[in-house]
Amino acid sequence: MKVAKSPSEALALTNRLVVSPRDFDQKVHYVIVNGQFVFTVYHDHAFPSGQIGSSKLQRRWAMLSLGQDVDVEPYDPRRESDHYILNSLSLEVGFLKVREDQAEHFDVQEMSQLFSQTYAHQMFSVKQQIVFDFHGVNLVGVVTGVELLDLEQDTRGGQEQRAFRGVLVPETIVNFSKAAGSPIRLKGAARQRTQAIIDPNFRFEDMGVGGLDKEFSSIFRRAFASRIFPPSLVEKLGIPHVKGILLYGPPGTGKTLMARQIGSMLNAQEPKIVNGPEILNKFVGQSEENIRNLFKDAEAEYKEKGEESSLHIIIFDELDAICRQRGGRSDGTGVGDSVVNQLLSKMDGVDQLNNILIIGMTNRLDMIDEALLRPGRLEVHMEISLPDEDGRYQILTIHTARMRDNNIIAEDVDFHELAALTKNYSGAEINGVVKSAASFAFNRHVKVGTLASVTPDVDSMRIQREDFMAALDEVKPSFGVSDDELGQCVTNSIIHFNRHIERILKDAHLYTEQVKTSVRTPVMSVLLHGPPGSGKTALAATMAMASDFPFIKLVSPEAMVGYSENAKINAITKIFNDAYKSPQSVVVVDNIERLLDWVPMNNRFSNGVLQALLVLFQKRPPKASIACDAGEWQDNRRLLILATTSQRAVLSNMNMMDTFDADICVYNVRRLREVETVITELGLFTDEEIFQAMQQLQQSNIEDRLNIGIKKLITMAETARQDSDKVGRFVELLSGPDVLLPATYDVDMHGVYMAGTPTNEENSTL
């Protein structure tokens, strides 16, 4: 048949191909041209036989020319499939001819109803072009998508099937959107389907991200839930979409990885990933231009399509490099402040965009400019904290997936055990443990005496449990236990030379359990006070390690020698901020008076450090809560503070004693039987030598005058062991004037030990 023009403009607007009844029977409703393009037909008795009447847009879609010979045959949609009814039809519309007056808004709901009535029972294909009349205005539409209905699958309404053509019925959902570059204005929405912004086959575990299920659920609720609902419903609410998410937390917890994979799970434009420092440029105005270029594509599409625009994602890594507090830079250039201003105006300025999503990441939330954190900009603040045990198990299984698939993991490796042992390990540190374990397995198959060849049995290599145990000793968490520092505080084991030591450790256990379990005391501070050398630091370190908390750090004057006042305050504050990131933490603050730079001459001390400690000792750890489908998930963090001092009266004069929830007195060695217990535990003397030493000390009548610190007593015992006459030397040292202090004493306001009234051991006080 030959291609001809449609007989009239009215027939051209019917979207039908005009044929003669002499060529096709009246029962033929559809024809297929050249075996590819399907049209709905109109039978016109006056139309010449052997021709098909077509409109200009029909010829453009089917790539036809006037007078061209084409193959035309009847088409039965049931021949291809039993499912040919359209459940939904998506159209991009614009004006056929550009109009000068574009102030009118076209009601999409009314357009949908009229379109369904006018073109009912017609066949529509993807990319097909259509001209239709709406209240005297000729509109042109392009089919962008169709979905078929399978009535056999679901009697309550059917199940959608994706295809490229189908028959329109009055019940078909017709979705209109603005064509790119068209000035048409659409109002409202038809019965639109939810937007497929999230890939239906998406699985977060497949992206290599573990332990962040709760965080992801909260991000989806805040940032993406409004984007999957029909724009008409969101428009009725009058609420704009969330434009920004800020991920913050300790290094290595998966912030960058999570942000990068969010772009993979969305049916959106390819995310633009930018490292913060890359924005900055030495040329004037170039840094601001770099910010504007990031938003250029989103602005152009939003200008063309409006709310129908696709989502544009911009990911800023190390956001604190470019978005620090304005006015806080000392370089004098003002570039940093200008970059912040440019980003603020693009996110929520005069010309607002509703098709962007900014994801920022930082380890320093406190450094970000406050204007960027308000609602309308980076309003969703999500802390990506250290993973819990279930999260660590997921991370371990992700990093060892290929090992398990290739049967390289030995049977004695229990990932649940490893998850329990890796408390306060970040995701990056767990990955380091896996790599370290693999290196130990490699090392077993290196030939002895060489580093360049492997043993013949390398194919049988397995990563065993002992490899992971060695890796845990090698890779330590940044927010873990300071084993080395605490170990130096307890060079000798705790010697229970009297019942006060047992009472102290028992009280410490009670305080630890209180912090663990009580909802009323998430933070507790305990002061250990007593004479110098009485073992306060060793007891505090022992109490901390016995708590089994995953985070234990020591604040000591030795680590801050040469620090200025501000540097010391920053160092102490950082340790406490790190403690807040762990679910359970212990901070040991040793020798407070030295931290305060206190000297008895004129009672001088650092007021800045004092005020910082007063605040930190009473500050409750921040509570991180995330709303999820199962309800409110809360991360109640706990902090136990153990402080030591030899100048309790000084702290009292500074009004510092009120900040402690409990104080424990640590006594010196003041009885000969206590001396005997100590030297027996040390094992430096034989039983006979100990007996001789005790006899001589009893004869010297120093029982009521003995008062020596455990540290000094151990030093004397070590010194006496070097002498040929160990017993005589030990007795001589223990009878010195610096040891024979009053049996009981008190402390005056300056911290000087004063002789007091003798009392029995149970009631003696410091």
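Predicted model: local features only at pLDDT ≥ 70, side-chain atom pairs only at ≥ 80, totals over all residues.
Two packed helices are described by the angle between their axes and the distance between the axes. Helix H22 (residues 672-682) packs with helix H23 (residues 687-699) at an angle of about 160°, and their axes lie 11 Å apart. Because angles over 145 degrees count as roughly antiparallel, H22 and H23 are roughly antiparallel to each other. Their crossing is right-handed, and the residues that make the contact are listed below for each helix.

| Helix | Residues in the contact |
|---|---|
| H22 | Leu672, Val675, Glu676, Ile679 and Thr680 |
| H23 | Ile690, Met694, Leu697 and Gln698 |

By class, the residues of this contact of H22 with H23 comprise 6 nonpolar, 2 polar and 1 charged.

**The enclosed helix H17**

Helix H17 (residues 536-546) is largely enclosed by the rest of the structure, because 8 of its 11 residues are buried. The buried residues of H17 are Lys536, Ala538, Leu539, Ala540, Ala541, Thr542, Met543 and Ala544. They pack against helix H15 (483-489) and helix H16 (499-517), as well as against strand E21 (523-529), strand E22 (551-555), strand E23 (584-589) and strand E26 (638-645). Aspartate 548, which follows H17, has a positive phi, near 65°.

**Serine 125**

Strand E9 (residues 123-125) contains serine 125, which counts as buried because its relative accessibility is 3%, the cut-off for buried being under 20%. Leaving aside residues up to four places away in sequence, serine 125 touches Trp61, Val143, Phe164 and Arg165.

Key: Residues numbered from 1 in each chain as written. Heavy atoms only, no water. Axes fitted to C-alpha atoms, helices over the stretch in contact; angles between N-to-C directions. Helix = DSSP H or I, 4+ residues; strand = E, 2+ residues; numbered from the N terminus. Parallel < 35°, antiparallel > 145°, perpendicular 65-115°, else oblique. Left-handed = near helix turned anticlockwise from the far one by under 90°. Contact = heavy atoms within 4.5 Å. Nonpolar A, V, L, I, M, F, W, Y, C, P; charged D, E, K, R; others polar. Buried < 20%, exposed > 50% of the residue type's maximum accessible area, 1.4 Å probe, protein only.
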